[in-house]
Amino acid sequence: MTTTDVEATGGPGDGSGEEAGTDLVPAGDGGDLVPAGVGALPRSRPALLEPDTDPRAEALRSRLLLPLLLPIASAVAIAFFAINLSRALLAGGPTGALILASIFTLVILGGAAWVSSQPQLSTGALSVILVVLLGFVGATGLTTLGPSSEHGGDEKKESGFVEPAGDPVASLEVDALATLKFQATEFSTIAGVNELVYVGKGGLHTLVFKESEYRGFKLQVNGEQVDKKKIDLQPGTFTIYCNIPGHEAAGMIAKLVVGDAISE
Ligand SMILES: [Cu+2]
């Protein structure tokens with residue numbers, strides 16, 4: 001009685017099922033031994049596409065790592081996509097967002113359809129595609145980071161310039177010539193509240209500062225118009241230019257030297 005009991009409980013526990021699995025390992029590798037000189041046989045070609053993997057490592061990967069990593073990876077990927085895409089969409093404005101969203105939808109749908117139509121794709125190739133896609137989305141988010149964070153504050157900055165009160169200590173005339181130049185390449189004035197008078201001589205032109213402390217100050221003329229505004233200038237050398245595309249490069253840029261205020 002006791003001997004059969006021991007045999008009955010010991011039978012399943014001796015792990016014979018697992019032993020059989022390890023026996024398969026050398027068998028798989030042996031099949032790849034091809035005699036030298038027959039390497040050109042078409043039979044050996046598919047072997048090049050799929051790297052030789054140890055069946056046990058393969059089993060470990062597909063049964064343990066994948067089920068474990070997939071949910072984590074997809075959560076990370078979704079967060080990554082959402083953050084970067086929303087950034088890109090924010091930067092694009094209403095029209096840009098629509099175009100971007102359409103492109104992304106098409107790319108994702110097309111990609112998914114293509115991947116599912118290629119069942120012979122190895123996991124290596126799939127992960128390369130995934131990495132490229134993630135990189136692309138990441139790059140989109142990064143390149144649009146500046147515009148998206150500036151988008152909200154842009155309007156404020158533009159109208160944020162407040163004309164100083166009080167009588168100007170000096171007045172400076174800058175002419176916007178039709179030849180895409182100012183009448184001089186260097187201007188000078190004294191520190192304090194200045195009145196800048198922008199006189200149009202043909203074409204659409206603006207007058208803005210390169211320096212961030214005068215961001216928001218803008219004069220604009222179209223044709224023979226005159227625009228003027230007061231600005232509180234500190235001593236120093238500044239750069240004024242026309243921000244209509246191409247005009248600065250054509251020469252609508254000048255130095256503005258602000259000297260110390262006259263002492264009383
Ligand atoms: Cu101009």
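Biologist: In which sense do β3 and strand β9 pair, and over how many bridges?

Modeller: Strands of a sheet pair through backbone hydrogen bonds, either parallel or antiparallel. In this predicted model, β3 and strand β9 (residues 253-259) pair in the parallel sense over five bridges. Two strands count as paired if DSSP finds at least two bridges between them, and strands are DSSP runs (E, at least two residues), numbered from the N terminus. Ser-188, for instance, has Val-257 in β9 as its bridge partner.

Biologist: How should I read the numbers and the model itself?

Modeller: Residues are numbered from 1 along each chain as its sequence is written. The model is predicted, with local features needing pLDDT of at least 70 and side-chain atom pairs counting only at pLDDT 80 or more, while totals for chains, interfaces and linings use all residues.

Biologist: What is the order of the strands in the open sheet?

Modeller: The order is β3-β9-β8-β5-β6, five strands with mixed pairing. β3 (186-190) and β6 stand at the edges with a single partner strand each, so one side of each is left without a neighbour in the sheet. On average, neighbouring strands here are turned by 20° against each other, direction ignored; the axes are lines fitted to C-alpha atoms, and angles run from 0 to 180 degrees between N-to-C directions.

Biologist: Which strands does β5 pair with?

Modeller: β5 (residues 204-209) runs antiparallel to β6 (residues 219-222), joined by four bridges; His-205 stands opposite Val-221 in β6. β5 also pairs with strand β8 (residues 236-241) in the antiparallel sense, over two bridges, and there Val-208 stands opposite Tyr-241.
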